[in-house]
Amino acid sequence: MFREFKKKKPDEIQRGYLKYIRMVYRDMAKNYDVNESQINTMIFVEDYEFFTLDHLSEAYMRNKALIGRRIVYPLVNMGYMYKYYDKLSPATYQEAMFAESKFKYRVRYALSQKGRLFVQRFYRKLEGEEQINVPI
């Protein structure tokens with residue numbers, strides 16, 4: 001009656017680890033020098049082999065230049081993403097043979113091994129398998 005809270009019985013709870021998501025974001029942002037938007041983007045693209053800025057801006061419903069400048073380019077510079085195909089790279093053999101202009105290809109980005117390990121660490125911290133180190 002005079003308690004501040006009372007937890008439910010463990011068998012009544014299916015999943016409860018998302019309540020620590022704010023602390024995990026703070027931990028990862030502070031210790032790895034990334035912001036929340038960059039973390040969310042790495043989580044979003046983890047299951048892609050590669051993606052373009054056009055696709056990412058459409059999926060996020062945000063400006064392509066803004067996503068590139070604030071999210072993708074800094075992640076590339078930090079090594080969390082890399083250029084999977086550069087502008088001058090044809091996607092297929094047929095495109096390479098019959099292309100009239102070599103400047104029509106879009107850059108395809110991919111999550112690097114460092115980025116994939118970052119995302120896996122995020123999940124481990126969230127699920128309680130790894131310690132959350134929140135700076136005070």
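## Contacts along the chain

Take the contacts between residues at least 6 apart in sequence: 64% of them join residues at least 24 apart. These values come from a predicted model.

The chain has 136 residues, and 26% of them count as buried. Its accessible surface comes to about 10100 Å². Carbon and sulfur atoms hold 52% of that surface.

## Helices and strands

The chain contains six helices and two strands. From the N terminus, the order is α-α-α-α-β-α-β-α.

Strand 1 covers residues 81-85 and pairs with strand 2 in the antiparallel sense. Four bridges join the two strands. Lys83 stands opposite Tyr109 of strand 2.

## The two sides of strand 2

In a regular strand, side chains alternate between the two faces of the sheet. Strand 2 spans residues 108-111. Arg108 and Ala110 point one way, while Tyr109 and Leu111 point the other way. All four are buried.

## Aromatic rings

Twelve aromatic pairs are counted in the model. In one of them, the ring centres of Tyr32 and Phe118 lie 5.4 Å apart. Their planes meet at 90°, so this pair is edge-to-face. Tyr32 belongs to helix 1 (residues 21-32) and Phe118 to helix 6 (residues 113-126), so the pair ties together parts 86 residues apart in sequence.

Phe118 is buried, at 4% relative accessibility. Tyr32 is partly exposed, at 27%.

## A charge over a ring

The charged end of Lys114 sits over the ring of Tyr80. The distance to the ring centre is 4.6 Å.

Note on methods
Residues are numbered from 1 along each chain as its sequence is written. This is a predicted model: local features need pLDDT of at least 70, side-chain atom pairs count only at pLDDT 80 or more; totals for chains, interfaces and linings use all residues. Side-chain values use heavy atoms; hydrogens and water are left out. Buried means under 20% relative accessible area, exposed over 50%, partly exposed in between (1.4 Å probe, protein chains only). Two strands pair if DSSP finds at least two bridges between them. Contact means heavy atoms within 4.5 Å. Accessible areas come from the Shrake-Rupley method with a 1.4 Å probe; for residues, only the protein chains shown count as cover. Rings of Phe, Tyr and Trp (its six-membered ring) pair if their centres lie within 6.5 Å; planes under 30 degrees apart count as stacked, over 60 as edge-to-face and the rest as tilted. A charge sits over a ring if NZ of Lys or CZ of Arg is within 6 Å of the ring centre and within 35 degrees of the ring normal.
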